[in-house]
Amino acid sequence: MSPLLNFRIWKEIARSYKNISSFRWLLLGVLVGLFSGILAVAFFWAVEYGKFFFLHKLAGVTLPAPAGEEIFHGPAGQLRTWVIPVCTMTVGLITGWLVNRFIPETISGGTDGTDATIKCFHQGSGKMRPLIPFIKGITSIFTIATGASAGREGPITQMGAGMGSWIAKKLNLSAKERRILLLAGAAGGLGAIFRAPLGGALTAVEVIYREDFESEAILPSVLSSVVSYSIFTMFYGSEPIFGIPRFVFHDPREMIFYIVLAFACTFAGWMYIRTFRFIKYSFFSKIQDRLGLMWATGIGGLMMGLMGMFFPQVLSGGYGWLEMAMMGEIPILMMLAIIMGKTVATSMTIGSGMSGGMFAPALFVGGMTGGIVGQVANRFYPDIATQPGGYVLVGMAAFFAGVANAPIGPLIMVCELTQGYGLLAPLMLASALCIVLGRNFSLYEHQVDNKFESPAHIEDSTINILEQLQVESYFKPGRVTTLEEGTTLIALRDIIANTNELYFPVKNEEGSITGILTIQNVRNHLFNQDLFDLVLAKDLATKPATLKKNDDLYTALLKFVDTDYGQIPVVSDDDSNHIIGLLNRENVFRAYAKSIKELHED
């Protein structure tokens, strides 16, 4: 990694650390990483064993596996390719039924598990029902294991994010903290499954925006990813996914071919997204509207399985084929066919509503695109493009950077996958060009441009201003009319007639504030003489609310919103039942408007 890039990353980490109010984020990051790592270990084993059982044993299909992922060995069963569409269709039907029955809110969740996590961050306050990642995780295992074209990264991102959200809920953390743990969990899942701790962490915090990243989540995300990665490597080793030679960049003239690669990846990315959305919305959405989700996913599984019978290169994640492309073992025309086939197969799988991720197929398509450019360059200029396999790696990072608007994470991830930075310069150039050229389209539907466009940060300007202002400077001190719980309605009428106040604190016999009585509560009963001696103040009072002088106005605003009161009593710092004045809701709004005006004038 270049010293400048490394310095900026750790500078941002240090800045994030300073803004965190407590050392507890270290513990929370480790805790989330621990659980995410265990999930990743179990998920990876289940997917790999499932592929070995369904594809290798039942269907008799032998697919190439990358050097770092072949954990199950044994002779293949009798060739029965018809098993593939039967299995994928069955998984599709079961997936559609489970989703429609138990987690219907995820039907419009977006592209895949990563997009669902992005939506949860921006629109869901970081809340994710535990049933969602559980069902999505289980169905993703069977989707990938039976050969449907999908990746592990989307599901493990959602599962890790769900774990982070669950931990935040158990610890009663705020919405802001819950969102941070959501990203930390996603980072843990990505860092482990890719065996790329830094790349996974950075991808998780930047993929939620097109032009920004969540800086406050960097520290817990890095910690979570490192811990999760460490647990994962305890079971599966620290070797990279791909067993390939070390690629290096040594000839500046080669940059011309990497520029061509960026244009090729941008075009392939545009086609990838357009194809996916056309198949999803113009075909499967109509089937879903007419027949229901279960039949849409069932048909999608059947179509995918039939395609996989005759074109096994599109089955599952396809990392083995990528490794072969890096080694120069796949001809150009076959790579071109694989690009088109993988795009359609993934669109049928994910577009129909089946579970799985778009991340790995995107890397697959980008890698094959790079492989074509590399082989063509090597064929005509062998003295310049000496390592065509390196273009596969650069294509993976550049393609995903372009379609996901994530410039740093995929770049670092590819460097970690190869355990070297020999291709850093072309990686940076191609990724930057793909982002610029592909700025008008995005793989993830719920990405927003920046923090200003995110509902998660819509209140930040209010918080920053009102948190600096204290109740002490804006409340009206003085005597406040209080009522006893036993005050009758007829007595209330006389009290209200002799005061201009609209909100009255109610106290019990011990002098504790037990509620607030508003003029609206009394209005409907004031002229009903039959109730004069029957209705008491405690019967009409609603929940209590108080403020202290040293409270900030944002705290006051939240209480006004929660109670809908126009006034809230201010109590002494020493005695929470001694009322010293009232704060009007209008005073908070005026203070906010005045501060905004002063900011604009500055």
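Just after helix H6, Asn172 takes a positive phi of about 55 degrees; helices (H or I, at least four residues) and strands (E, at least two) are DSSP runs, numbered from the N terminus. The structure is a predicted model, in which local features need pLDDT of at least 70, side-chain atom pairs count only at pLDDT 80 or more, and totals for chains, interfaces and linings use all residues. Residues are numbered from 1 along each chain as its sequence is written, and side-chain values use heavy atoms, with hydrogens and water left out.

Helix H6 covers residues 153–170. Its 18 residues reach 26 Å from the first C-alpha to the last, close to the 26 Å expected at 1.5 Å a residue, where the expected span is 1.5 Å times one less than the number of residues. Of the 18 residues of H6, 15 are buried, so the helix is largely enclosed by the rest of the structure. Buried means under 20% relative accessible area, exposed over 50%, and partly exposed in between (1.4 Å probe, protein chains only); the areas come from the Shrake-Rupley method. Gly164 lies in helix H6 and is buried, with a relative accessible area of 0%. The C-alpha atoms of Gly164 and Val32 are separated by 5.8 Å, although the two residues are 132 residues apart along the chain.

Lys342 is placed in helix H13 (residues 332–351). Its relative accessible area is 0%, and Lys342 is therefore buried. A distance of 35 Å separates the C-alpha atoms of Lys342 and Trp166, which are 176 residues apart along the chain.

Side chains of opposite charge can pair when their charged atoms come close. A search of the whole structure finds 10 salt bridges, each defined as a side-chain nitrogen of Lys or Arg within 4 Å of a carboxyl oxygen of Asp or Glu. In one of them, Lys51 pairs with Glu48, with the closest N and O atoms 3.3 Å apart. Lys51 and Glu48 are three residues apart in helix H2 (residues 24–58), so about one helical turn separates them. Glu48 counts as buried, at 9% relative accessibility.

A salt bridge also joins Asp562 to Lys543, the closest N and O atoms being 2.9 Å apart. This pair links distant parts of the chain, 19 residues apart: Asp562 is in helix H22 (residues 553–563), and Lys543 is in the loop between helix H21 (537–540) and strand S5 (547–548). Asp562 is exposed, with a relative accessible area of 51%, while Lys543 is partly exposed at 42%.

For the salt bridge between Asp564 and Arg585, the closest N and O atoms are 3.5 Å apart. Here too distant parts of the chain are linked, with Asp564 in the loop between H22 and S6 and Arg585 in helix H23 (residues 585–601), 21 residues apart. The relative accessible area of Asp564 is 56%, which makes this residue exposed, whereas Arg585 is partly exposed at 22%. Salt bridges that share partners join Glu48, Lys51, Glu69 and Arg152 into one network.

On the surface, Glu472, Asp573, Asp574 and Asp575 gather in a patch of negative charge. Patches are made of residues with over 30% relative accessible area and no salt bridge, like charges being joined within 9 Å and nonpolar side chains (Val, Leu, Ile, Met, Phe, Trp, Tyr) within 5 Å. Asp575 is found in the loop between strand S6 (567–571) and strand S7 (579–584), and is partly exposed, with a relative accessible area of 37%.

Note on methods:
Areas by Shrake-Rupley, 256 points an atom, 1.4 Å probe, with all protein chains shown as cover. Lys, Arg positive; Asp, Glu negative; His and termini not counted. Charge placed at Lys NZ, Arg CZ, Asp CG, Glu CD.
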